[in-house]
Amino acid sequence: MRIRIVDAFTDRPFAGNPAGVLLLDAFPDDDWLQNVAMEVNHAETAFTHPLPPGGEADWALRWFTPVTEVAMCGHATLATAHVLHTTGAHTGPVRFATRSGVLVATPAEDGSYTLDFPTAPLTRVDVPEGVAEALGAEPLAVFDTGPNVRDLLVELADEKTVHALRPDHKALGACSSRGVIATARAENPALGYDFVSRCFFPNVGIDEDPVTGSAHTALAPYWSERLGRPGLTGLQASPRSGRVRTELRGERTLLGGRAVTVIEGDLLA
């Protein structure tokens, strides 16, 4: 079968967040899916297969890190939509049946895609013991992001602090279910982004994720409330870097970006 590596939330190769994508006829057993994801060894590998016509969704979609299945993944959904449209396997908006409900990816004429995801519910919490030490920075505020995202959202003093983080990943793993989203307001919005973030997920085998769509379902409501605008752009300041357009629509958040296929080959196992 064909396997593709797609860089998501970028318009150029070797940036954004890479994801493996496989189009299947049905899902094989979970051990095979996990082994493929371990072999691909990117933050996520997406597996999808078509569903019978007339239902609430067009394709079933699952995502695996190298060590576990996850409930929601933005960049691998974007990568899957890109593969479906560039190969002609699907045209127009595509509805995915997932563990997080039906997620829709809509292509635009300029080659970008808009994802319709559930907005993460934010609950302010006390700063958990050890977070500041593990991050190497003092939080201004900490929020739980709910059952789909399962991270702590941590606001830091400024953008420079986010860029400078050198966290203790092992210690950070004890602080939340999946990991930590560190964020701050952009120092210069004239550069084309409103907030900056970095995402650390040691509990699912990803010390630092390059660009995280699911995290932006929490970042969008957080910064839209503070900046007073529903539409924003986030810069995820990982070494690969990438930008995510966000639009808050109540219980749903729209995530926008592009994707580029960089590798295509045959999976022989």
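Which residue takes a positive phi in the hairpin of strand 13 and strand 14? In this predicted model, the residue is G205, with phi near 85°, and four residues lie between the two strands of the hairpin. Strand 13 spans residues 195–201 and strand 14 spans residues 206–209; their pairing is antiparallel and runs over two bridges. Within this arrangement, C199 is positioned opposite D209 of strand 14.

One cavity of 30 Å³ or more is present in the structure, and the largest cavity holds about 60 Å³ of space. Its lining comprises 13 residues, of which E44, C73, R178, D209 and T212 are the closest to the centre. At least two lining residues come from strand 14, and at least two from helix 2 (74–86). Classified by type, the cavity lining consists of five nonpolar, five polar and three charged residues.

The largest pocket has a volume of about 270 Å³. It is lined by 18 residues, with F9, T10, D11, R243 and R258 the closest to its centre. Two or more lining residues are given by each of strand 15 (231–236), strand 16 (242–249) and strand 17 (252–257). Strand 16 provides the largest share, with four residues. The lining of this pocket divides into seven charged, seven polar and four nonpolar residues.

Terms used: Residues numbered from 1 in each chain as written. Predicted model: local features only at pLDDT ≥ 70, side-chain atom pairs only at ≥ 80, totals over all residues. Heavy atoms only, no water. Pairing = 2+ DSSP bridges. 1 Å grid on protein atoms, 1.4 Å probe; cavity = no way out; pocket = protein on both sides within 12 Å on 5 of 7 lines; lining within 4 Å. Points joined across faces, edges and corners; volume = space filled by probe spheres on them. Nonpolar A, V, L, I, M, F, W, Y, C, P; charged D, E, K, R; others polar.
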